Amino acid sequence: MTVSFPQKITPEKSTASIRWLAAPTSWTWVEQANARPMAVLIDHAHCERKAAGSAVQMMFRYLCEPGLGEALSPLAREELEHFEQVLALIKSRGRYLEPLPSPGYAANLARHIRKGEPQRMLDSFLVAGLIEARSHERMALLAEHSPDPELRSLYADLLASEARHFGLYWVLVEERFTRAVLVERLQTLALAEVEALQGVLASPDDVRMHSCGVSSV
């Protein structure tokens, strides 16, 4: 599932996340995000908050699963630290959290999570990992290509921990499922993730951290 970026965008920071992703983000998304930096920043704060909530939700869903609380509790705390860091920058620019229409990305992926166990656990971890991988990839692009030095610094600061997050979800599934099962399912879900990012924006103001914009598979 290794893919290459187009010649115009090859930030080395995002290389690791491509192992999860079936197609790279398009240059169009980078341009759209740079044209509406505050919309992406506010959405990013919401994403960090939701990522923390997702980790806590899975921790309580699988309350007695050995080793899960020890892994997901620190992750949730780190996501909240990121939320606070992004929120502080938003406030420093005279804004605050605002309700933003969702691009539907996470909801589209959630529909692919199967209901019965242990398939539900496998899919939940892989979907969470895919979302983290896409977030990491796009933050790397913004750290490389944002015209705003403060935003470049913010996204660069978050990259290492974001890489750990999708790596953690891989470890969680690798400890609980055979390599053949998880790789086959990851390939299916990675294609669904790309499908969730297909299309064009209805309005330039609709750009989000996970809005449409991927290159061909």
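In this predicted model, helix α1 meets α5 through Trp27, Trp29, Val30, Ala33 and Asn34 on the α1 side, and through Arg138, Leu141, Leu142 and His145 on the α5 side. Helix α1 covers residues 27–35, and its axis comes within 11 Å of the axis of α5, with a crossing angle of roughly 65°. The crossing of α1 past α5 is right-handed.

Most of α5 is covered, with 22 of its 27 residues buried.

Another partner of α5 is α7. The axes of α5 and α7 come within 10 Å and cross at roughly 50°, so the two helices are oblique to each other. On the α5 side, the contact is made by Leu122, Asp123, Leu126, Val127, Leu130 and Arg134; on the α7 side, by Val181, Leu182, Arg185, Leu186, Leu189, Ala190, Glu193 and Val194. Here too the crossing is described by its hand: α5 passes α7 in a right-handed crossing.

Helix α7 itself runs over residues 179–196, which makes 18 residues, and it reaches 25 Å from its first C-alpha to its last, close to the 26 Å expected at 1.5 Å a residue. Its buried residues are Leu182, Arg185, Leu186, Leu189, Ala190, Ala192, Glu193, Val194 and Ala196. These buried residues pack against α4 (105–110), α5 (119–145) and α6 (149–174).

One of the buried residues of α7 is Glu193. Is Glu193 buried or exposed by the numbers? Its relative accessibility is 0%, so Glu193 counts as buried. Which residues does Glu193 contact, leaving aside its neighbours within four places in sequence? They are Leu21, Tyr105, Leu109, Leu130 and Arg134.

| Helix pair | Axes come within | Crossing angle |
|---|---|---|
| α1 and α5 | 11 Å | roughly 65° |
| α5 and α7 | 10 Å | roughly 50° |
| α2 and α3 | 8 Å | roughly 160° |

The last pair in the table joins α2 (residues 37–61) and α3 (residues 68–92), whose axes cross at roughly 160°. That angle is over 145°, so α2 is roughly antiparallel to α3. The hand of this crossing is left: α2 passes α3 in a left-handed crossing.

Within α2 sits Gly53. With a relative accessibility of 39%, Gly53 counts as partly exposed. Between the C-alpha atoms of Gly53 and Val30 there are 27 Å, and the two residues are 23 apart along the chain. Val30 is also one of the α1 residues that meet α5.

Now for the cysteines. How many disulfides does a search of the whole structure find? The search finds zero. For Cys212, the closest cysteine sulfur is that of Cys47, 15 Å away and so too far for a bond; the cut-off for a disulfide is a pair of sulfur atoms within 2.5 Å. Cys212 counts as buried, at 12% relative accessibility, whereas Cys64 counts as exposed, at 72%.

Technical notes. Residues numbered from 1 in each chain as written. Predicted model: local features only at pLDDT ≥ 70, side-chain atom pairs only at ≥ 80, totals over all residues. Heavy atoms only, no water. Buried < 20%, exposed > 50% of the residue type's maximum accessible area, 1.4 Å probe, protein only. Helix = DSSP H or I, 4+ residues; strand = E, 2+ residues; numbered from the N terminus. Expected span 1.5 Å × (residues − 1). Contact = heavy atoms within 4.5 Å. Axes fitted to C-alpha atoms, helices over the stretch in contact; angles between N-to-C directions. Parallel < 35°, antiparallel > 145°, perpendicular 65-115°, else oblique. Left-handed = near helix turned anticlockwise from the far one by under 90°.
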